[in-house]
Amino acid sequence: MEVTEKILATNTELQKAVQEVFTPEFNERLIKYAIIRINTKFNIKYDLNRGFRGIMVEDMISELMLSFIKNGGGRNWNKSEFPDFIEQVISSLDSQISNTITKELEKTAQSNTNIEDCKISAEDDGDYDELLDFSLKFLEEQGASDEELLLFEPYIVHGMKRSDISKENGITEQEATNIKKRLVRRLPALKEMIKNIK
């Protein structure tokens with residue numbers, strides 16, 4: 001059996017390929033593809049507004065494309081296996097989706113808590129203002145940043161969209177996503193505390 005020599009793209013070829021393929025239309029195609037893959041491979045219904053546990057497919061795609069043009073340690077284009085760069089992008093996106101979702105599911109398994117059930121609701125029993133005040137104090141004691149405390153009520157309690165959070169607070173959508181990820185990780189402990197005071 002003849003072994004095909006592995007041919008990797010140069011940095012110049014990679015940058016040119018990324019510029020040529022990464023159009024708004026291709027980005028839209030990747031978003032749809034990612035949502036379908038999350039559903040078919042992991043049986044997870046992706047939330048267009050909230051993403052999967054605060055992780056948006058748009059961010060996964062942006063990180064993927066940046067990794068192709070990152071100097072040292074980034075992804076490369078195996079031209080011998082994928083003559084068409086688009087096929088390389090889709091294969092790499094598959095890998096990125098799988099790694100991201102698996103990592104998040106492992107976090108849940110380790111904490112034995114379903115993060116999606118940890119949303120603090122404005123309809124929770126008891127006085128809403130007291131509950132919110134208690135939650136903010138608890139988060140502050142747990143080391144939450146000023147940004148986390150500021151965005152807790154609109155982002156977690158009321159489920160405001162990431163794009164709206166970004167516009168209203170003068171931050172990027174990626175920064176909003178990162179803040180939400182940190183808040184979501186604090187929710188299981190907060191839920192336990194709320195159960196104890198009821």
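Reply: E148 is buried, with a relative accessibility of 2% (buried means under 20% relative accessible area, exposed over 50%, and partly exposed in between, with a 1.4 Å probe and protein chains only). This residue forms a salt bridge with R186, the closest N and O atoms being 2.8 Å apart (a salt bridge is a side-chain nitrogen of Lys or Arg within 4 Å of a carboxyl oxygen of Asp or Glu). The pair links distant parts of the chain, 38 residues apart, with R186 in helix α8 (residues 173-197) and E148 in helix α6 (residues 146-157); helices are DSSP runs of H or I with at least four residues, numbered from the N terminus.

The model is predicted, so local features need pLDDT of at least 70 and side-chain atom pairs count only at pLDDT 80 or more, while totals for chains, interfaces and linings use all residues. Residues are numbered from 1 along each chain as its sequence is written, and side-chain values use heavy atoms, with hydrogens and water left out.

The structure holds seven salt bridges. One of them joins the side chains of D94 and R37, at 2.7 Å from N to O. D94 lies in helix α4 (residues 85-111) and R37 in helix α2 (residues 24-42), so this contact ties together parts that are 57 residues apart in sequence. D94 is partly exposed at 22% relative accessibility, and R37 is partly exposed at 25%.

Within helix α5 (residues 128-141), D133 and K137 are four residues apart, which means about one helical turn separates them. Their side chains meet in a salt bridge of 3.4 Å, N to O. D133 is partly exposed, with 38% relative accessible area, and K137 is partly exposed, with 47%.

Finally, a network of salt bridges links D59, R162 and E173.

Key: Helix = DSSP H or I, 4+ residues; strand = E, 2+ residues; numbered from the N terminus.
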